[in-house]
Amino acid sequence: FGASHRNQWTDFENSPKTQLLRGEYLYDGGTFGLLTGGYLLNDQTGPTGLTGLYGRIGGILAGDPYYGGIALGLSLGVVQYRVDASKLNLRDEGDIVAAENQMQIFPDVGFGLYYYRRLASDDLVYAGVSIPQTIGLDTEFQDETGKFFLKRMQHFYAQAGMFHFLEDGYLEIAGWGKYVQGAPINVSANFRYQTGSALYIGVGGSTAGSAHAETGVLIGENAGFNSNIRIGYGFDYNFSSFGPAAGVTHEISISYSIQK
């Protein structure tokens, strides 16, 4: 189970705010593992917002899941898109369009493919690709007072990384590539060190000119528990031309896992 709250570009009025609640269950069937679960997503940015409810299912194919395998995942959901007309910037003051809020509901589909392998050194490498909005969206809000247009583009993601296990803790090195039509490819890298105690720290950056720092605690076997609790905080700052004016980004997350 997990939850997170992200507040982005804090110096902008009506800046993006995103909340996520999730839950998932992994059934270990030996050569085949089944992952099920779902999540509730809410996002508000100025006059536009969305709330989505998703279910997801995935499978892990492996001779021995400890040494590696291939995972396929699919998410299916419904999303409510809305426009708060009172927050629109109108060309004509007092336009009647400002009196009408808009809302529509659409289906959404996501897909992902993931590979991982444990090396002879016991280190773990992984790579994956995903398209969270596989079907995209191009819709029009319309009534007798006016029109609103909303277009959601497919985003393409790729990731790769490695866990290097130490005598006391581990080091994770991870990279992401992100592409959407009409924007430059964005590549990010992150380094995270999990100490032998509860504390972890991480730093990273991206080609978009952003820097990232994170810290948190992971409480589990190190405290004699059969379950794990992770509490984390992330901080982003952008050094591009708009970065100082946009402000920083904060993210708080908590997750709880139970092993049966």
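**Exercise 1. The nonpolar patch**

Find which element gives the nonpolar patch its largest share, and how many residues that share holds.

*Solution.* Start with the rule: patches are made of residues with over 30% relative accessible area and no salt bridge, where like charges are joined within 9 Å and nonpolar side chains (Val, Leu, Ile, Met, Phe, Trp, Tyr) within 5 Å. A salt bridge, in turn, is a side-chain nitrogen of Lys or Arg within 4 Å of a carboxyl oxygen of Asp or Glu.

Next, list the members: Ile-57, Ile-70, Leu-72, Leu-74, Leu-76, Phe-111, Leu-113, Tyr-115 and Val-129. Together they have about 780 Å² of accessible area, a value from the Shrake-Rupley method with a 1.4 Å probe, in which only the protein chains shown count as cover for residues. β5 and β6 (102-118) are the elements that give two or more residues to this patch. The largest share is that of β5, with 4 residues.

Then pick out one member. Leu-72 lies in strand β5, and it counts as partly exposed at 45% relative accessibility. On this scale, buried means under 20% relative accessible area, exposed over 50%, and partly exposed in between (1.4 Å probe, protein chains only).

A word on the model before going on: it is predicted, so local features need pLDDT of at least 70 and side-chain atom pairs count only at pLDDT 80 or more, while totals for chains, interfaces and linings use all residues. Residues are numbered from 1 along each chain as its sequence is written, and side-chain values use heavy atoms, with hydrogens and water left out.

**Exercise 2. From β3 to β5**

Work out in which sense β3 and β4 pair, and over how many bridges. Then follow the chain on to β5.

*Solution.* First, the terms. Helices (H or I, at least four residues) and strands (E, at least two) are DSSP runs, numbered from the N terminus. Two strands pair if DSSP finds at least two bridges between them.

Now look at β3 (residues 32-45) and β4 (residues 48-61): they pair antiparallel, over 14 bridges. Gly-33 stands opposite Ile-60 in β4. The hairpin of these strands has 2 residues between them, and there Gly-46 takes a positive phi near 60°.

Move on to β5 (residues 68-83), which runs antiparallel to β4 and is joined to it by 14 bridges. Ile-60 turns up again here, opposite Ala-71 in β5. This time the hairpin goes through 6 residues.

**Exercise 3. Salt bridges**

How many salt bridges does a search of the whole structure find?

*Solution.* The search finds 4. Take Arg-6 and Glu-251, whose side chains meet at 2.9 Å, N to O. Arg-6 lies in strand β1 (residues 2-7) and Glu-251 in strand β16 (residues 249-257), so this pair ties together parts that are 245 residues apart in sequence. Arg-6 is partly exposed at 24%, and Glu-251 is partly exposed at 27%.

Go on to Arg-192 and Glu-214, which meet at 2.6 Å, N to O. They link distant parts of the chain: Arg-192 is in strand β12 (residues 186-194) and Glu-214 in strand β14 (residues 210-219), 22 residues apart. Glu-214 is buried, at 13%.

Finish with Arg-118 and Asp-122, at 3.6 Å, N to O. Arg-118 is buried at 17%, whereas Asp-122 is partly exposed at 34%.

**Exercise 4. Positive phi in a loop**

Where do Trp-9 and Asn-14 lie, and what is the phi of Trp-9 and of Asn-14?

*Solution.* Begin with the background: most residues other than glycine have a negative phi. Trp-9 isn't a glycine, yet has a positive phi of about 55°. Trp-9 sits in the loop between β1 and β2 (17-28), and is partly exposed at 31%. Asn-14 lies in the loop between β1 and β2 too, with a positive phi near 60°. Its relative accessible area is 38%, which makes Asn-14 partly exposed.

**Exercise 5. Around Tyr-193**

Which residues does Tyr-193 touch, not counting those up to four places away in sequence?

*Solution.* Contact means heavy atoms within 4.5 Å. By that rule, Tyr-193 touches Leu-166, Asp-168, Tyr-170, Leu-171, Leu-199, Tyr-200 and Ile-201.
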